[in-house]
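Reader: I would like to go through some of the labels used here. Please give the criterion behind each one.

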Amino acid sequence: MTDFFEKMTEDYAQKHFPDGSVFASALKTVKRRGIGGFIFFGLFLAASLYGLVWAIGRTLELMAGGEEDMLSVSIVICGFFGVVILVCLIVLFILIKNSLQKQEDYIASSAKHSKLPVSEIETFERQATASDCYILKLTSGLDRVLSNGTNKDGLLTRDYIYLADPAQTVMRVDSLKACCFSDYTYYIDTGKHHKKIHCLAICLIASNGVSVLSDTTEEAGQALMAILKERNGAIDTNDGNVLPEGELDGYKKKVLA
């Protein structure tokens with residue numbers, strides 16, 4: 001188990017949660033990613049504006065020259081650049097809005113997604129830096145690098161579990177109904193055809209209907225199931241079997257029935 005789960009240390013807490021807050025750290029991560037996104041979409045917006053100005057100029061030239069056969073094509077190009085600019089503006093607005101969020105906003109958002117009162121999220125935060133908190137390392141290698149979690153590691157405190165998903169979901173261990181494997185797929189372009197890639201995820205389902213997925217290795221997932229079963233013997237693990245893609249919703253309804 002120690003290969004996947006480590007006890008919280010002062011060094012780890014200081015490095016990852018220097019402000020003593022999981023959500024303050026998550027907020028900084030989101031803001032760093034937002035800066036990169038802002039630069040990318042800002043440059044894309046500038047290029048699209050240049051393209052729109054050129055297309056409008058070209059359209060006016062065609063109108064003045066009476067070249068009606070090319071005029072419709074030019075108008076379509078203007079419309080294309082207009083749509084791209086609109087999309088860029090929407091994305092930039094969202095990025096700016098996210099960058100202005102505060103720690104309190106993240107805690108409130110976590111409480112909403114977790115269907116828990118804010119007081120419980122705050123209790124989780126206090127427990128997260130305690131010495132009896134487990135650091136959950138569910139992924140490794142490229143999967144860990146590509147993780148979209150706000151923190152690469154999950155956390156298992158005295159009373160709560162947190163897998164650092166984008167929604168910042170926190171669950172009470174004593175409310176868990178299931179912890180099981182689930183399969184999901186995506187496609188990659190190999191140049192000749194699209195290749196289907198299967199990925200393994202761990203799924204947690206709480207009695208209030210909240211669920212969360214996180215990439216995992218088989219060994220780390222089995223270790224998580226074992227430690228959660230020790231704390232809550234009522235948790236269903238689907239006998240360690242992997243739910244095929246598309247069957248998760250049906251399984252969730254069954255365990256919550």
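Reader: What makes the pair of D153 and K137 side chains a polar contact?
Author: Their distance is 3.3 Å. A polar contact is a pair of N or O atoms within 3.5 Å, where one must be able to donate a hydrogen and the other to accept it; residues adjacent in sequence count only if both atoms are side-chain atoms, so the pair of D153 and K137 qualifies. The D153 side chain also makes a polar contact with the side chain of Y12, at 2.6 Å. This is a predicted model: local features need pLDDT of at least 70, side-chain atom pairs pLDDT 80 or more, while totals for chains, interfaces and linings use all residues. Residues are numbered from 1 along each chain, and side-chain values use heavy atoms, without hydrogens and water.

Reader: Why is D153 called buried?
Author: Its relative accessible area is 1%. Buried means under 20%, exposed over 50%, partly exposed in between (1.4 Å probe, protein chains only), so D153 is buried.

Reader: How do you know whether F93 is buried or exposed?
Author: F93 has a relative accessible area of 56%. The cut-off for exposed is over 50%, therefore F93 is exposed. F93 lies in helix α3, residues 68–99 (a DSSP run of H or I, at least four residues; strands are E, at least two; both numbered from the N terminus).

Reader: Why do β7 and β8 count as paired?
Author: They share five bridges, in the antiparallel sense. Pairing needs at least two bridges found by DSSP, so β7 and β8 pair. L204 stands opposite V212 in β8.
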